[in-house]
Amino acid sequence: MSRELEEEVGTAGLPTGDLTLGQHVGSGEVPRYRGGSRTPGWDDAVDLTKDPATIPDPSTCHVPEDLRAEIEAHMAKYPDTRSAAIPALMAAQKRHVWCTPEAIEQVACVMRLTPGYLVAVAGFYDMLETRPVGRHKVYVCTNISCSLRGADDLMDRVVEEIGDDPDFNVRSFECLGACDIAPMISVDDVYVGPVALEDVPTMVAQIRAGDEVLPEQQIIRRKSVDPNAVST
Amino acid sequence: MSSAILFKDIDQPGLNTLAVYRERGGYGDVLRKGLSMPREALVTELVNSGLRGRGGAGFSMGKKASFMPKGTMDKYLVCNADESEPGTFKDRELMTKSPHMLIEGMILGAYAAGATRAFIYIRGEYAQMADILDDAVAEAYDAGLLGNNILGTDHSLELAVHRGAGAYICGEETALLDSLEGKRGNPRLKPPFPANQGLYQGPTLINNVETLATIPHVLGMGADEYAKIGVENSTGTKLISVSGHVKRPGNYEIELGMSARDIIYGLCGGIEGDLEVKLWFPGGSSSPVLTKDDLDLAYDFDTLAKAGSMLGSGAIIVVDEETSVVDVCLKLAKFYKHESCGKCTPCREGTQWTVKMLERIKSGQATPMDLDIMASVQEQITGHCLCVLGDAMAMPVGSMIAKFRPEFEAYIEEARQRSDAELIASLDAPNEAPLVGSLV
């Protein structure tokens, strides 16, 4: 990225602060580069002398043993190993917090795919992060059923409570499939709801302390509401 | 009111373990009977039961299985557990509480389809549920219910749980297959249909969680007996997810043909604050909306189709009279804009422009003519794309404009007056900061 662009976006080439928070948090805008483009360096000339990244060389690319084992276990589940791309990227993301160039290279090395292919896959899916994010995933469902029950206010409250803590990845997310506990939040993959505005400080404190989040409101403990679903 | 089939004793502690599931008759005579039947007989049984796909399209499950070609090539069964349709959460409860019911259904489904490999494609957000499924699959493998020669028969099945990573489009069957192959989840052109050329180019049967979980029950009670539940063309029970402004949101198992009023006012206890219904989505956010005049319709596939909507995934979203239809419409459009994969222009651009126009309405920059333009955009999306994601926005948005036009027009007028008043106030106000910078 050239120097003028950096000045426009902020610091160090990579967008920081609110810009890293995904869909529409805080400032509510996706990062914009020169000319209003969403793509950094869109108007930089292509370097025709440079070859695209090839499949990493196993002799020079260091992959941690446990990550390699995990990715290979995923690959073994499928007739075509390429199917393991998403689970492998997820495994690498878990280790590196987001899909860093290093994470991508490690997955590419084990799966024998080009880094470009994996970046394309990672870019498609909402749960694979291609920019730096915080460690704790806080996905607030703001889709129709939840927003009918106050999810937008909840989202604002969560953002306010967390502030600009770099440890958090707060996003308003598509329907998470738990409209019975609307408004709900997925905290590091644990579904909790209904979350009242007053619950937010407790919840954030629990995440910070590494405790179980709102144990009484977790979906896993919810009983069926169907009167016909008799339980013996 | 029906007796529960899928939800019977769903809250029994430990139902997610093999031991308790077996105690309740799981993996027993039904599975043995199914695997000892000739394949064709099993398919015929499924056709006769009238079981229709529970994922959205409502296609006959037995017929879909019968489309699988004969021959010894690799065939696949894929369970669609992506469940990302807004308002739908029935499969989640089923998989969390009774994962073995799904696995038993998949063993039988795979046998009917002639498949020896099966995958459960579960959305990445359902990590807790995927863990439960993983455990259940491991238990089933240990008990010899998966793997080679199940229960001493010739039938073998390898089952794996595949987690997605968050994309609504991957609930569409061909996009799901691409995603399962490790690619970006873009839909494919149909035909060829997955039954002929699906996963890894092999014949593939794709069914929803609830559909597959119903198979053991169909076999257990017999197709004719199962077909007696419900109404003609919509047999059996259906899990419905009711959400929005109702007093008791949640999953309910109903006999198809029950009236919507009985569901919303009976099972769910009515509307919060005892308000009236303004509109309701009968089958997820992709279904054209219905109003309070349609509450007496029978909740089944054909009746809803006749009323210009659809049963879809069985997700009822109820919106009360105090909520603005413009807000609902914008929320909906924004979701589809975000989820459009971008492959087909009508969907990519149409969802984009619908959001822009709705935002213009909200900010007071629109005229009633914009409603016609918006409606025409919806028409141009419908039927012009590889998959139905665009249609899934066009149908509800189109139906909202058609059914609530006076409200849209009133909103436009009100917003326009508000923005005019703001503009005038800002012009009248003494300018603390001069508009034209520091040119002087």
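Predicted model: local features only at pLDDT ≥ 70, side-chain atom pairs only at ≥ 80, totals over all residues.
Two packed helices are described by the angle between their axes and the distance between the axes. For helix α2 (residues 65-76) and helix α4 (residues 101-111) of chain A, the angle is about 50° and the axes are 10 Å apart. That angle makes α2(A) oblique to α4(A), and the crossing of the two is right-handed. On the α2(A) side, the contact is made by L67(A), R68(A), I71(A), E72(A) and M75(A), which meet Q106(A), V107(A), V110(A) and M111(A) of α4(A). Sorted by class, the residues of this contact between α2(A) and α4(A) come out as six nonpolar, one polar and two charged.

Another helix pair in chain A, α3(A) with α5(A), packs at an angle of about 85°, again with axes 10 Å apart. Here the angle makes α3(A) roughly perpendicular to α5(A). The residues that meet are A85(A), I86(A) and L89(A) from α3(A), and L118(A), V121(A) and A122(A) from α5(A). This contact between α3(A) and α5(A) holds six nonpolar residues, with no polar and no charged ones.

Moving along chain A, there is an open sheet of four strands, in the order β2-β1-β3-β4 and with mixed pairing. Strands β2 and β4 of chain A are the edge strands, each of them pairing on one side only. On average, neighbouring strands of this sheet are turned by 20° against each other, direction ignored. Inside the sheet, strand β1 (residues 136-141) of chain A runs antiparallel to β3(A), and three bridges join the two. V138(A) is found opposite V187(A) of β3(A).

Two cis peptide bonds turn up in the loops of chain A. One runs from A182(A) to P183(A), with omega near -10°; P183(A) belongs to the loop between β2 (168-173) and β3 (185-187) of chain A. Another runs from G193(A) to P194(A), also with omega near -10°, and P194(A) is placed in the loop between β4 and α8 (199-209) of chain A.

Chain B is assigned three domains: domain 1 (18-228), domain 2 (234-320) and domain 3 (325-424). Ahead of these, D9(B) has a positive phi of about 50° even though it is not a glycine; D9(B) falls in the segment before α1 (18-23) of chain B.

Chain B has an open sheet too, with five strands in the order β8-β7-β11-β9-β10 and mixed pairing. At its edges stand β8 (250-255) and β10 (290-291) of chain B, each with a single partner strand, so one side of each has no neighbour in the sheet. Strand β7 (residues 237-244) and strand β11 (residues 315-320) of chain B pair in the parallel sense, over four bridges. S243(B) has I317(B) as its bridge partner in β11(B).

The centres of domain 2 and domain 3 of chain B, taken over C-alpha atoms, are 24 Å apart. Between them, 10 residues of domain 2 of chain B are in contact with nine residues of domain 3 of chain B. On the domain 2 side, strand β9 (residues 277-281) of chain B gives the most, with three residues. By class, that side of domain 2 of chain B has five nonpolar, four polar and one charged residues.

Finally, the two chains meet: 44 residues of chain A are in contact with 59 residues of chain B. On the chain A side, at least two residues each are supplied by α3 (85-96), α5 (115-124), α6 (144-148) and β4 (190-192) of chain A. The side of chain A that touches chain B has 25 nonpolar, 10 polar and nine charged residues.

Notes. Residues numbered from 1 in each chain as written. Chains lettered and ligands numbered in written order. Axes fitted to C-alpha atoms, helices over the stretch in contact; angles between N-to-C directions. Parallel < 35°, antiparallel > 145°, perpendicular 65-115°, else oblique. Left-handed = near helix turned anticlockwise from the far one by under 90°. Contact = placed C-beta atoms within 7 Å. Nonpolar A, V, L, I, M, F, W, Y, C, P; charged D, E, K, R; others polar. Pairing = 2+ DSSP bridges. Domains from an automatic or database assignment.
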